Amino acid sequence: MEIALAIGLGGLFGIMLERIGATDPNWIGRMLNLTNTHLMKTIFVAIGTASILMFGGQMLGVVEVGHMSVKEIHVGVLLGGAILGIGWAIAGYCPGTGVCAAATGRLDALFFIAGGLIGAGAYALSYPFWEEIGFLNGEKWTIGEIPGASYPAALPDLPITGDMLGIGIGIAFILIAILLPRRLVGKAAPVTDTKAEPAE
Amino acid sequence: MVLNWKIGGPLLGVVFFLAVLLVQPIGVSTQFVVIDGVLWERNAPGLITQGPNGGWTSTYPYFAKYAKDIANPVNYSVIFVAAMMGGALLSAVAFGRIPLRERFSPALWSANFRTGWIGRWVLSFLGGVIVLYGARMAGGCTSGHMMSGMMQTAVSGYLFAFGAFLTAFPTARMLLKKEA
């Protein structure tokens with residue numbers, strides 16, 4: 001059963017990453033050099049939609065709160081994120097989109113995966129160092145207190161519960177996507193430019 | 001042709017929601033460590049060892065965390081990544097037309113670098129090293145931290161996104177000046 005779910009969900013995720021253009025380094029590059037925010041809009045809407053559905057489902061009792069999995073916050077999250085950001089801009093791939101891009105026949109993505117295996121292995125060997133200097137210790141905070149979950153809240157005294165806050169943030173993310181300009185630097189692209197806003 | 005964000009965004013969001021509803025939040029970068037372990041074990045057995053109680057461990061602390069998965073790699077998360085590749089392939093065959101030149105080097109990189117496709121492959125490799133080193137230090141990547149984390153209002157997801165964009169925007173602005 002679990003294997004069937006892995007195939008179904010993984011397959012859907014792969015299809016969607018390809019369909020939104022995330023497996024195409026050109027779209028990642030246009031997002032990161034701020035010349036086309038289309039992919040950013042897609043991601044904002046996706047996070048917002050997922051958040052509203054998940055927290056809404058939890059409030060209605062149809063989504064198991066125990067399925068949540070919040071990661072620890074520590075110095076390594078910020079430093080590791082900053083390191084990843086550099087490689088992301090250089091390659092135009094992140095781990096998930098890189099493996100999917102390789103599957104779509106992009107040869108450069110195969111080299112990204114090879115590099116990724118080296119990078120992950122290098123981290124595995126250097127892990128004791130980061131552990132020792134205390135960069136990896138932290139708690140699994142959520143912003144608000146989520147009913148039924150045992151995660152500590154970063155803001156425990158909010159007037160609303162963490163799941164209501166999650167729905168609010170989800171709506172805000174969708175609004176940001178709507179309000180976000182098509183490009184953030186340089187002159188505006190012509191409306192007829194199909195690259196700026198895919199019609200499909 | 002890429003889906004418009006008004007359609008692609010909600011659909012991608014539904015996939016992330018279904019993953020949490022049915023199993024667990026989506027994550028990818030951990031599997032690079034598992035595959036590393038499997039490759040290592042295949043070429044030089046002894047990375048992971050089975051204790052007297054049947055549990056798997058390793059003398060390398062980081063691989064010890066994933067020793068069970070390395071011993072039995074046919075599990076949910078590895079199949080998930082394999083299925084992702086299958087889904088992307090199906091989708092590309094059905095909808096995408098990626099030109100041959102694009103498969104060697106994406107247009108935006110061809111426009112900005114005069115190094116040809118070998119240069120692109122080197123950049124892609126280097127990017128891969130940096131991305132996965134950072135992702136493992138952070139404890140997740142764009143899927144696990146940014147998407148899955150922020151949708152759960154995890155503070156770590158926001159910190160990760162802040163760190164990633166803090167360097168990704170300036171790096172891309174410097175490297176990718178020409179548009180394509």
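What percentage of the 180 residues of chain B count as buried? The figure is 53%, where buried means a relative accessible area under 20%, exposed means over 50% and partly exposed lies in between, computed with a 1.4 Å probe on protein chains only. The structure is a predicted model, in which local features need pLDDT of at least 70 and side-chain atom pairs count only at pLDDT 80 or more, while totals for chains, interfaces and linings use all residues. Residues are numbered from 1 along each chain as its sequence is written, chains are lettered from A and ligands numbered from 1 in the order in which they are written, and side-chain values use heavy atoms, with hydrogens and water left out.

Along the sequence, the elements of chain B come in the order α-α-β-β-α-α-α-α-α-α-α-α. The C-alpha atoms of chain B occupy a box of roughly 60 × 40 × 35 Å along the principal axes. Contact here means heavy atoms within 4.5 Å. Of the contacts in chain B between residues at least 6 apart in sequence, 50% link residues at least 24 apart.

Chain A, in turn, has 7 helices and 0 strands, giving the pattern α-α-α-α-α-α-α along its sequence. Its C-alpha trace spans about 45 × 45 × 40 Å along the principal axes. Of the 200 residues in chain A, 58% are buried. Among the contacts in chain A with a separation of 6 or more, 59% are between residues 24 or more positions apart.

The two chains can next be viewed together through a pair of helices. Two packed helices are described by the angle between their axes and the distance between the axes. Helix H6 of chain A (residues 107-132) packs with helix H8 of chain B (residues 116-138) at an angle of about 35 degrees, and their axes are 6 Å apart. Here the axes are lines fitted to C-alpha atoms, for helices over the stretch in contact, and angles run from 0 to 180 degrees between N-to-C directions. The residues of the contact between H6(A) and H8(B) comprise 17 nonpolar, 7 polar and 3 charged. In this grouping, Ala, Val, Leu, Ile, Met, Phe, Trp, Tyr, Cys and Pro are nonpolar, Asp, Glu, Lys and Arg are charged, and the others, Gly among them, are polar.

With a disulfide taken as a pair of cysteine sulfur atoms within 2.5 Å, the count over all chains is 0. For Cys94(A), the closest cysteine sulfur belongs to Cys141(B) and is 6.5 Å away, too far for a bond.

Thr49(A) sits in helix H3 of chain A (residues 38-60) and is buried, with a relative accessible area of 13%. A polar atom of the Thr49(A) side chain lies 2.6 Å from the backbone oxygen of Val45(A). This is a polar contact, defined as a pair of N or O atoms within 3.5 Å; within protein, one must be able to donate a hydrogen and the other to accept it, and residues adjacent in sequence count only if both atoms are side-chain atoms. Apart from neighbours within four places in sequence, Thr49(A) is in contact with Ile174(A) and with Gly9(B), Pro10(B), Gly13(B) and Val14(B).

Leu5(A) belongs to helix H1 of chain A (residues 2-19) and is buried, with a relative accessible area of 18%. Setting aside neighbours within four places in sequence, Leu5(A) is in contact with Gly10(A), Leu22(B), Val23(B) and Tyr76(B).

Tyr151(A), finally, is in the loop between H6 and helix H7 (162-179) of chain A, and is buried with a relative accessible area of 18%. Not counting residues up to four places away in sequence, Tyr151(A) touches Met68(A), Ser69(A), Val70(A), Lys140(A) and Thr142(A). The Tyr151(A) side chain reaches the backbone oxygen of Met68(A) at 3.3 Å, and one of its polar atoms lies 3.2 Å from the backbone nitrogen of Val70(A).

Terms used:
Helices (H or I, at least four residues) and strands (E, at least two) are DSSP runs, numbered from the N terminus.
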